[in-house]
Amino acid sequence: MEHYFTNNDNLKSDFRTIIYKYNDYSLEFTSDLGVFSKDKVDFGSKLLMETFLNSDHTPNTTLLDVGCGYGIIGITLSKIASVQSTLVDVNKRALHLAKMNAKNLGVDATIFESDVYSNVSGKYDVIITNPPIRAGKQKVMQFLLEACDYLEDDGELWIVMRKDQGAKSAIEKMKNIYSVEVREKSKGFFIIVAKKLLTSN
Ligand SMILES: C[S@@+](CC[C@H](N)C(=O)[O-])C[C@H]1O[C@@H](n2cnc3c(N)ncnc32)[C@H](O)[C@@H]1O
């Protein structure tokens with residue numbers, strides 16, 4: 001079965017334009033067949049970005065968008081919140097679109113292929129993700145738990161998850177290594193913000 005994260009060299013292209021509006025901003029993205037939410041900004045991604053934009057954040061914050069798709073989250077937050085974004089995904093077509101979208105919007109982001117954190121190094125102030133639920137629980141938990149190794153000590157992990165897609169059990173598992181807060185709830189979507197539990201010895 002084909003998924004939005006499967007690489008398929010034979011898949012035709014049918015480009016489409018997605019406009020994302022926020023306050024005075026109107027950002028134009030190109031999307032295509034074979035990527036997540038190809039026709040419109042996903043509701044969960046929009047809630048995640050806007051909850052972040054409405055919170056306190058500092059320019060030049062380093063941000064890692066894991067599972068970036070065509071780049072909506074990392075590129076939008078670079079453009080509007082002036083964060084320094086790094087975007088990764090396993091879907092080559094999504095990465096190609098993300099690079100094109102960053103260029104067209106004048107965003108200087110670092111974009112590369114990575115199976116979750118496999119090619120990621122260094123530490124980030126923010127890791128943000130709308131994780132690939134269809135990849136299965138184990139993969140999703142890898143997105144959430146391994147983020148801890150790539151977060152600065154005072155860094156924050158921002159996640160959107162639906163209540164009926166396991167948000168509550170994910171939160172329980174995360175509590176072993178993070179302090180976890182549900183920052184926003186809308187239409188069954190939770191915005192979860194997690195910070196590392198620091199051990200003192
Ligand atoms: C729910 S989509 C979110 C896409 C985009 N961030 C958005 O908000 O529209 C999840 C993304 O994770 C990517 N993905 C799936 N498995 C992955 C993996 N093992 N490593 C990195 N990214 C993965 C998919 O290709 C997809 O782009």
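Me: In which strand is the place of Ile-18?
Reply: This is a predicted model, in which local features need pLDDT of at least 70 and side-chain atom pairs count only at pLDDT 80 or more, while totals for chains, interfaces and linings use all residues. Residues are numbered from 1 along each chain as its sequence is written. Helices (H or I, at least four residues) and strands (E, at least two) are DSSP runs, numbered from the N terminus. With residues 16–22 forming the strand in question, the place of Ile-18 is in β1.

Me: Is Ile-18 buried, exposed or partly exposed?
Reply: A residue is buried if 20 or more other C-beta atoms lie within 10 Å of its own, exposed if 12 or fewer, and partly exposed in between, with C-beta atoms placed from the backbone. Ile-18 has 17 other C-beta atoms within 10 Å, so it is partly exposed.

Me: Which residues is Ile-18 in contact with, leaving aside its neighbours within four places in sequence?
Reply: Two residues are in contact if their C-beta atoms, placed from the backbone, lie within 7 Å. Ile-18 and Thr-30 are 12 residues apart along the chain, and their C-alpha atoms are separated by 6.2 Å. By the contact rule, and with those sequence neighbours left aside, the partners of Ile-18 are Phe-29, Ser-31, Lys-40 and Val-41.

Me: Which residues does Thr-17 touch, not counting residues up to four places away in sequence?
Reply: Thr-17 is also placed in strand β1, and it counts as exposed because it has 8 C-beta neighbours inside 10 Å. Thr-17 and Glu-28 are 11 residues apart in sequence, while their C-alpha atoms are 6.7 Å apart in space. Not counting residues up to four places away, Thr-17 touches Glu-28 and Thr-30.

Me: How far apart in space are Ser-13 and Gly-34, C-alpha to C-alpha?
Reply: Ser-13 has its place in the segment before β1, and with 8 C-beta neighbours inside 10 Å it counts as exposed. Its contacts, leaving aside neighbours within four places in sequence, are Asp-32 and Leu-33. Ser-13 and Gly-34 are 21 residues apart in sequence, and the distance in space from C-alpha to C-alpha is 8.5 Å.

Me: What is the phi of Asn-23, a residue other than glycine?
Reply: Asn-23 is found in the loop between β1 and β2 (25–31). It counts as exposed because 7 C-beta neighbours lie inside 10 Å. Although Asn-23 is a residue other than glycine, its phi is positive, near 45°.

Me: Which residues of helix α5 are buried?
Reply: Helix α5 covers residues 167–174, and its buried residues are Ala-167, Ala-170 and Met-174. They cover an arc of only 65° around the axis (the arc being that of the directions from the helix axis to the C-beta atoms), which puts them on the same side of α5. The face turned away from that buried side carries the exposed residues Lys-168, Ser-169 and Glu-172.

Me: Is α4 roughly parallel or oblique to α5?
Reply: Axes are lines fitted to C-alpha atoms, for helices over the stretch in contact, and angles run from 0 to 180 degrees between N-to-C directions. Angles under 35 degrees count as roughly parallel, over 145 as roughly antiparallel, 65 to 115 as roughly perpendicular and the rest as oblique. The axes of α4 and α5 are 11 Å apart, and the helices pack at an angle of about 45°. That angle makes α4 oblique to α5.

Me: How many nonpolar residues does the contact of α1 with α2 have?
Reply: The axes of α1 and α2 come within 10 Å and cross at roughly 25°, so the two helices are roughly parallel to each other. The contact is made by Ser-45, Leu-48, Met-49, Phe-52 and Leu-53 of α1 and by Ile-72, Ile-73, Thr-76, Leu-77, Ile-80 and Ala-81 of α2. For the classes, Ala, Val, Leu, Ile, Met, Phe, Trp, Tyr, Cys and Pro count as nonpolar, Asp, Glu, Lys and Arg as charged, and the others, Gly among them, as polar. The contact of α1 with α2 has no charged residues and 2 polar ones, and its number of nonpolar residues is 9.
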